[in-house]
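Here are my notes on the chain, point by point. Please read them with the model open.

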Amino acid sequence: MQRPSLRNGALVGAAALTLALGGAPLLVTGADHLDAPALGGLTNAAGGIDPHSEHGDRDINDVYVFQGGNASRTVLAMTTNPAINLFNTTFGNNVRYAINVDRDGDARADLAYVWRFGAPNGAGAQSYSVTRYTGTNAKSFKQGVAWASGSTAGSGMGSGRGATKVFAGVRSDPFFFDLTGFLGTVLHIGTDQFKVLDGNAHDFFTPLNTNAVVIEVPDDAIGATNIGVWGTTSYWDGSSWVAADQMGRPAINTVFNTKLVDASSGQTKNRFNTTPPSQQRTAFGGLFRTNVITTLTNINAVLGTKAAFGCNDYDAATAGAIADILLPDVITYDVTTAAAGPLNGRALSDDVIDAELGLTTNGCVTSDGVPAHTDYLSSFPYLGVPH
């Protein structure tokens, strides 16, 4: 039997809303954009939607890890602050932006690169510094080595120790996804429709910008061949550092901690964003793992794809095995290979939405019909220039 894709009419709405929007119509909800109530979202307004970003400066959109232009180098990148074209926001000068690396498979950081930013000047530019932490300091951020510095003005390129390349500033959002088609077809907000209805695939993220931090280092600076990578943000509340957001693989919090399986999904999403990866399988009585399993064993029945197309959900044992791959929420990567996200690194052009749809629905829903962007660069910092 031919498996349906998101180009198939009746299936499009239910699958899109539940899998991509996580059960709630949040603005630019995609891989991890505005994935939890503590970070922001939208409210309904007459004739449309009223977006807001309460704490966009600490909201992680996406995390990437892939080979540099030279195969002996590794790129670590994280985007934050979704849709800054709309919100006109900057990096938080009370926020730490960390890309964490696990070298030994215990889902605890052994290496971390942490960006801090100064207040914007009159032109909106911010100075930045990058500190490198290793060993126990990669977990505590107590003592590190000043590794790089620069400014978001101009090219955003900074200067780093050794062969390090570093960047911070505004870039074109590399994420791709037909969100406005989802909203128009499913929620009747706006006039955009899915490709099956209007003949066009509309990538909501094509014109949007985001803030980004990027670092490229020689593989031997990573200190291991098989690594785990995730991003975290924390903010200073006047007396202590408070965890704000965390993300590894795309869409884990968005897809699996939803109203479909969890009556307190908003609270659960906030908890997930502040739970260290090493604790995610067992925290809160195994809540996150249970939500993954419940989603995987029921999604086709709930969407109607089981009845309409004969798509079977996973059995409990298989769902449990998949949950133990997806959790902890860490991007696993062999630095000697080209990235192939979401299970071996994540390159900018990896179609993680298609992969997530296929995985979640047991191969039933396979595509949203949107291709990768065409503005990625072949050289550092690789993300496209701002719109």
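1. Start with the backbone at tyrosine 382. This is a predicted model, and tyrosine 382 sits in the segment after α13. Tyrosine 382 is not a glycine, yet its phi is positive, about 75°. Most residues other than glycine have a negative phi, and most peptide bonds are trans. Is tyrosine 382 buried or exposed? Tyrosine 382 counts as buried, because its relative accessibility is 6% and the cut-off for buried is under 20%.

2. Look next at the peptide bond between phenylalanine 380 and proline 381. That bond is cis, with omega near 10°. Proline 381 also belongs to the segment after α13, and α13 itself covers 352–360. Check this stretch together with tyrosine 382 and its positive phi.

3. Leucine 327 and proline 328 are joined by it, and omega is about 5°. Where does proline 328 lie? Proline 328 is in the loop that runs between α12 and β14 (331–334).

4. Phenylalanine 141 is another backbone point. Its phi is positive, about 60°, although phenylalanine 141 is not a glycine. The residue is in a loop, with α3 (137–140) on one side and β8 (145–151) on the other. Phenylalanine 141 has a relative accessible area of 15%. That value is under 20%, so phenylalanine 141 is buried.

5. Which residues does leucine 348 contact, leaving aside neighbours within four places in sequence? They are Tyr64, Phe66, Pro174, Phe176, Tyr376, Tyr382 and Leu383. Tyr382 in that list is the residue with the positive phi of about 75°.

6. Threonine 79 is buried, with a relative accessible area of 0%. Residues up to four places away in sequence are not counted here, and threonine 79 then touches Asp59, Ile60, Asn61, Asp62, Tyr64, Pro174, Thr210, Asn211, Ala212 and Leu383. Tyr64, Pro174 and Leu383 are among these contacts, and they are also among the contacts of leucine 348.

7. Now the helices. Two packed helices are described by the angle between their axes and the distance between the axes. The axes of α8 (residues 265–273) and α9 (residues 283–296) cross at roughly 100° and come within 11 Å. That angle falls in the range 65 to 115, so α8 is roughly perpendicular to α9. On the α8 side, Thr268, Arg271 and Phe272 take part; on the α9 side, Phe284, Leu287, Phe288 and Asn291 do. By class, this contact has four nonpolar, two polar and one charged residues.

8. Which residues of α8 are buried? They are Ser265, Thr268, Lys269, Phe272 and Asn273. These residues lie on the same side of α8, because they cover an arc of only 135° around the axis. An α-helix has 3.6 residues a turn, so residues three or four places apart point the same way. The buried residues of α8 pack against β13 (241–247), α7 (252–256) and α9.

9. α9 has a further partner, α12 (residues 316–326). Their axes are 9 Å apart, and the packing angle is about 130°. The two helices are therefore oblique to each other. The crossing of α9 with α12 is right-handed. From α9, the contact takes Arg289, Val292, Ile293 and Leu296; from α12, Ala319, Gly320, Ile322, Ala323, Asp324 and Leu326. By class, the contact has seven nonpolar, one polar and two charged residues.

10. Finally, the chain as a whole. How many helices and strands does the chain have? Its secondary structure comes to 13 helices and 14 strands. Of the 387 residues, 55% are buried. Among contacts with a separation of 6 or more, 65% are between residues 24 or more positions apart.

Note on methods. Residues are numbered from 1 along each chain as its sequence is written. This is a predicted model: local features need pLDDT of at least 70, side-chain atom pairs count only at pLDDT 80 or more; totals for chains, interfaces and linings use all residues. Side-chain values use heavy atoms; hydrogens and water are left out. Axes are lines fitted to C-alpha atoms, for helices over the stretch in contact, and angles run from 0 to 180 degrees between N-to-C directions. Helices (H or I, at least four residues) and strands (E, at least two) are DSSP runs, numbered from the N terminus. Angles under 35 degrees count as roughly parallel, over 145 as roughly antiparallel, 65 to 115 as roughly perpendicular and the rest as oblique. Contact means heavy atoms within 4.5 Å. Ala, Val, Leu, Ile, Met, Phe, Trp, Tyr, Cys and Pro count as nonpolar, Asp, Glu, Lys and Arg as charged, and the others, Gly among them, as polar. A crossing is left-handed if the near helix is turned anticlockwise from the far one by less than a right angle, and right-handed if clockwise. Buried means under 20% relative accessible area, exposed over 50%, partly exposed in between (1.4 Å probe, protein chains only). The arc is that of the directions from the helix axis to the C-beta atoms.
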